[in-house]
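Welcome, and please have your viewer open.

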Amino acid sequence: MGASTRLELPPPSPEAAAHSARVRERIAVEIEAAGGAIPFRRYMELALYAPGLGYYMAGTEKLGPGGDFVTAPEVSPLFAACLARQVAEVLERLGGGEVLELGAGSGRLAAGLLAALERLGAAPARYRILEVSGELAARQRAHLAAALPAWRERIVWARGLPEAGFRGVVIANEVLDAMPVERFERTAEGVVELGVRRRGEGFAWTALPPAEDLAAAVAGIEAACGRLPAGYRSERNPQLAGWVAALGEILEAGVVLLVDYGYPRCEYYHPERADGTLRCHYRHRAHDDPFLLPGIQDITAHVDFTAVAEAAVAAGLEVAGYTTQAQFLLATGLAELAAEAADALTRARRAAEVKRLVMPSEMGEAFKVMALARGIEGPLGGFALRDLRGRL
């Protein structure tokens, strides 16, 4: 990260700075215990998920104008309304079922989705939320209690997946990008894993011998996409296959809908993307220094959707659709829903929201939607305009 990016970041409050110092100390203790370095994936896991300390586990506001980033459900209620149409289609084919949302953020998607499903006459039997953050779960409960008081008994929270036999729709909006990733570098001699060591009061990159599975994964990437140039750095999500397999184990019939930013494999590992996709978000500024504000900034990496598709097939799931967010929303009636605004002011606001959701320079092309299915016959409406599975 360049100096100019640092200067653009607003200084943290004294309380936030003190919290980040505690997170740094927690990570430093683990580095010392490990002999001087830890893999980056472990650093990212601690920075985001250390109990009581990590970014997603502590009590700071994360989403919306007062947080660090905005997701599509915060941009516009039209996102949830469109998604509801795809969910309703699946539930109708199943003859009913449940909805499970993984990582429900502020609760806005759940509120908008349930309200829209009720309007469509397709309300699920139950709405489950899997949330690992107690702080976020409390925010979701408060928001949903105010927005949908009649649903109090039918929304349930859990910290793990349900038992096998789930029938319905699983939704994961911006979940995969927050999973801890491995970082690697291609050198002239081979592949090294990028780890983290201490440097003064902070941290710095260091080279580690790659684990066998990481070396094999990079060899597979190069076999498919060509040899990466020396100095090339990127990421790999080692938890992805297991995560998809776990969903495959519980899903008896239905669809998993994934919404996230990412690329097919050979676009992800394109030679011009020479420093990977690792990004940090702090007070609506994006930068690339994961060591700057541990514990009070988000750390993300784009999704390799080819890896998702491979994991799905291995888990016995069908890749039932893959497209851009723009094409998915348009296929599920975005323009029609936006036109339903009752007055000129609302129509103008909706028009601005639509642009942010679908324009290539905003969220429309960077974000993709993928459907993984079991026991669902026929095509899904959300992928009717443009199906990009051939690019995977």
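Start by selecting Phe184: its bridge partner in β9 is Ser234. The model you are looking at is predicted, so to speak for local features pLDDT must be at least 70 and for side-chain atom pairs 80 or more, while totals for chains, interfaces and linings use all residues. Residues are numbered from 1 along each chain as its sequence is written, and side-chain values use heavy atoms, leaving out hydrogens and water.

Now widen the selection to strands β6 (residues 182-186) and β9 (residues 232-236), which pair in the antiparallel sense over five bridges. Strands here are DSSP runs of E with at least two residues, helices are runs of H or I with at least four, and both are numbered from the N terminus. Two strands pair if DSSP finds at least two bridges between them.

Glu185 has Val192 as its bridge partner in β7. Four residues lie between β6 and β7 in the hairpin they form.

Show the side chains of β6. Glu182, Phe184 and Arg186 point one way, Arg183 and Glu185 the other, and all are buried (under 20% relative accessible area, with a 1.4 Å probe and protein chains only).

Finally, select helices α2 (residues 14-33) and α3 (residues 40-49), whose axes come within 10 Å and cross at roughly 145°. Axes are lines fitted to C-alpha atoms over the stretch in contact, with angles from 0 to 180 degrees between N-to-C directions. Val23, Arg26, Ile27 and Glu30 of α2 meet Arg42, Tyr43, Leu46 and Ala47 of α3, contact meaning heavy atoms within 4.5 Å.

Note on methods
Buried < 20%, exposed > 50% of the residue type's maximum accessible area, 1.4 Å probe, protein only.
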